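Subject: Handover of a two-chain model

Hello,

Please find the structure below. My notes on it follow.

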Amino acid sequence: MQQLGPDGANFGQGTTSAAIIPQPGLLRGRRQFKHERRLALQAYAFLLPSFIGLLAFSLIPILAVAVLSLFRWGLIGQPTFIGLGNYAQMFSSSSFWHSLLLTLYYVLLNIPMQTIFALLLALLLNQKIPGRGIFRTLFVVPWMATAVAMGIVWQWIFDPQYGTLNTFLGLFHIAAPAWLSSTTWALPAIAAVNIWQYTGYNMLFFLAGLQGIPPDFYEAASLDGANPVQQFFAITLPLLTPTLFFVLVTDVIGSAQVFDTVYVMTQGGPGDATSVLNFNIFRQAFEFFHAGYASALSMVLFAILLIITLLQALFFRSRTVYDLS
Amino acid sequence: MTSVSTELASRKAVAIERQAGTPWRRISGLVAAYIILILGVVVSLFPYFLALMTALKTPNQVFSSSAWSLPHPATLQNFIDVVTKYNFLDFVWHTLIFAAILTIGQLIFSTLAAYAFARMQFPGRDQIFWLYLATLMVPNIVTLIPLFLILKTFDLVNTWPGLVLPFVLGTPFGIFLMRQFFMTIPRDLENAARIDGAGTMQILFQVILPISRPILATLAIITFVPAWNNFTWPLIITDTNDLRVLTVGISAFQSNYGTQWNLMMAAGFIALGPLLILFFLFQKHIVRSIHLSGFK
C-alpha cells in the first residue's frame, strides 16, 4: 500500500527535475515576487467563473439555510426567530437519532460492496478482451435509468407474492421475506438497488484512473517476478489512491443523502424503517412545513459529512501517491 | 557488462513467458472473465427486461399478467403514442440542449478551476478548495428553496438561463474529479515545457489536455447523463411545455388516476436510447493515451 521500492519504480529517473528547475529560494527579489503574483492572479482568473457560480447558486443558498435553521418557518408567512431552538428540539428527538443511525447503517451497507465490485469490474474491463466496449456500456446502463421508472420496476421485483425475486427463490424452496414491507430487509433492499445502480458508474472513475498508470511499471514488476496480485498491491492500488479518494468521498456524501430510491420505493416505511436523514428532511420541509427544522437537520448532516470527509482526507494524505517518477 | 545484459535478457524472456502463459491458460482465463461479465450483465439488465416487457404490452395485458411474462401479442402502440400524442420529441430536444450546454460548461470551467487547484500556487488554495468541496455536503432538498427565490428575483423562472445557470459554470463535483486526475500527471512533463518557455495556457492546452482524454470523456459522461436525467431542478424552475424535459414528461404518466406503466416504460426507453449511443461513443476515449505511455 505504501511507496514502491526504490529500485522498482524509479528506473533511474532520479530527481532530475529538482536539479534543473530554479527553486523558489534561488531567484529572490522583486522579479520573482512579481512572477509569483502574476501566476497567482492567473490562478484566480481560472477559478473566477466557477467561483461566481458557487457563490450565487451554492454558497448564498447554503448561508440562507444556515440562517433559516435559527427560525421557525412554515414556508409561507413571517419566520420567527427561535435561536438554537430547532437544534435543541432535534437532539432530544428520538426520530432524529433513529434516522441518523439508519443513514450510517445505509452508508455502511452501500460503500464497501459498491466500491469493491466497481474496482474489480474496472480491472477486468481494462484488459484487452473482445467486446469490452459493449460490456462497459451495459454495466453503466443501470445508472442511466430515470429514477422513478426504475424504482417502480424494483418494486415489482421485490413484491412478496408476484415479485420476480421471490418467485425465483421459491424455485429453490427458499422462504424469502416480504422485502420492502419488512423492517429488517427494507433498507438492505434499497441499498441493493443503489449498489445495482452505481457499481458501473464507479467503475468509470476507476477505469479513467487506471489509464494514468504507465504500463512500464507492470513490465518492470513482472521482470522482478511479481505476480498479478502483488502487482495490484504494489502498483495499481497506490497509484489509484487519488481516484479512490474521490470515489469514497463523493459516494459517502451521495449515500448519506439518499432520497430518490427511498421516496419511490418505501416512502420511509414500513413505519420509519427506511426514514433516512435526507428523507426526514424532505418530510419536515414539504409535508409538515417545518422549513426551519428541516434546515437545522440539513446543517447537522452537513457538519457530520464534513467531519467524515476530513477524516478521509487525513487517512489518505499519508497514503496517497500522486506520482511515482 | 555482457553477463549483466544476458542475465537481464533471460530474465525478461522468463517474465514474458510467465506473462503470456500457455494458450490453454489464456483461454480458460478469458472464459472465466466472460462468465463473470455475462452474469453481471444479466443482473444489470434484468430490470430493463421487465421494463421492456411492460412497454410492449397494452394496459389490459399489464394488469392481467406478471411483469416478466412475454407480451402476447406485443405492441409498439405505446412507443407510437408517447411520440405522437405527448410531444415527446420536443421534450427530447429540450433535454438534449439542456444536457449539452451543461456538459460544455462543465468541460471548460471545471477544467480551468481544477488545474488551478491541482497545479498552481496561490494564497488560500486549499481553503478555497475545501469551500468548494463543502458545498457538496449540504443536502440540496432545502437549499433549492433559496436557490429558486434567487432566480425568481432575477426573473429567470421559465427561462433557459434559469434552467442552466446554476450548473453551467462548472460544479464542485467535476472540479474535484479533474483535480484528482491532474495531480497524478508527472510534474516533469510540465517542467520540461516550462523550461522551453511555455506559459500556463500553453502547458494546459498542449501538454495537459492531450493526455487527459480519458478523464475528459469521463467528465463529459458523468455530466451529461445526470443532466439528462435531472428531474427536480427542471420541475421547480419551469412549468411550460416550451421548456419541458423528458423526466418531467415521464413523471406525468404517474397521476392521481393511477400510473400508465406501459407508457411510462416506453417513454423511459426513448429517454435511454440517446444516452446509450452517446456513452458508447465516449467510452472509447477511456483508453490509455499515447503520450502518457510513451513518456517514460
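Which residues in α5(B) meet α12(B), and which residues in α12(B) do they meet? The model is a predicted one, and the answer is read from it. From α5(B) come B:Thr95, B:Phe98, B:Ala99, B:Leu102, B:Thr103, B:Gln106, B:Leu107 and B:Ser110. From α12(B) come B:Leu216, B:Leu219, B:Ala220, B:Thr223, B:Phe224, B:Ala227 and B:Trp228. By class, this contact of α5(B) with α12(B) holds 10 nonpolar and 5 polar residues, and no charged ones. Helix α12 covers residues 213–229 of chain B, and its axis is 8 Å from that of α5(B), at an angle of about 145°. The two helices cross in a right-handed sense.

The crossing of α5(B) with α9(B) is right-handed. On the α5(B) side the residues are B:Gln106, B:Ser110, B:Thr111, B:Ala113, B:Ala114, B:Tyr115, B:Phe117, B:Ala118 and B:Arg119. On the α9(B) side they are B:Gly174, B:Ile175, B:Met178, B:Arg179 and B:Phe182. The classes here are 8 nonpolar, 4 polar and 2 charged. B:Gln106 and B:Ser110 of α5(B) are listed in the contact with α12(B) and again in the contact with α9(B).

Chain A contains 14 helices and 2 strands. It has 325 residues, of which 41% count as buried. Of the contacts in chain A between residues at least 6 apart in sequence, 71% are between residues at least 24 apart.

Between the chains, 86 residues of chain A touch 95 residues of chain B. On the chain A side, the most comes from helix α3 (residues 30–68), which gives 21 residues. That side of chain A is made up of 62 nonpolar, 21 polar and 3 charged residues.

The hairpin in chain A

The strands β1(A), residues 71–74, and β2(A) run antiparallel and are joined by 3 bridges. One pairing is A:Phe71 with A:Phe81, the latter in β2(A). The hairpin has 1 residue between its strands, and A:Leu75 in this hairpin takes a positive phi near 75°. Is β2(A) buried or in the open? Strand β2(A) spans residues 76–81, and of its 6 residues the number buried is 0, so the strand lies largely in the open.

Most residues other than glycine have a negative phi.

A:His173, not a glycine, has a positive phi of about 55°. It sits in the loop of chain A between α8 (164–171) and α9 (186–211). A:His173 has 6 other C-beta atoms within 10 Å and therefore counts as exposed.

In chain B, B:Asn158 is also not a glycine and has a positive phi, of about 60°. Its loop lies between α7 (140–153) and α8 (160–168) of chain B. Is B:Asn158 exposed or partly exposed? It is partly exposed, because it has 13 C-beta neighbours inside 10 Å.

Regards

Methods
Residues numbered from 1 in each chain as written. Chains lettered and ligands numbered in written order. Predicted model: local features only at pLDDT ≥ 70, side-chain atom pairs only at ≥ 80, totals over all residues. Left-handed = near helix turned anticlockwise from the far one by under 90°. Helix = DSSP H or I, 4+ residues; strand = E, 2+ residues; numbered from the N terminus. Contact = placed C-beta atoms within 7 Å. Nonpolar A, V, L, I, M, F, W, Y, C, P; charged D, E, K, R; others polar. Buried ≥ 20, exposed ≤ 12 C-beta atoms within 10 Å, placed from the backbone. Pairing = 2+ DSSP bridges. Axes fitted to C-alpha atoms, helices over the stretch in contact; angles between N-to-C directions.
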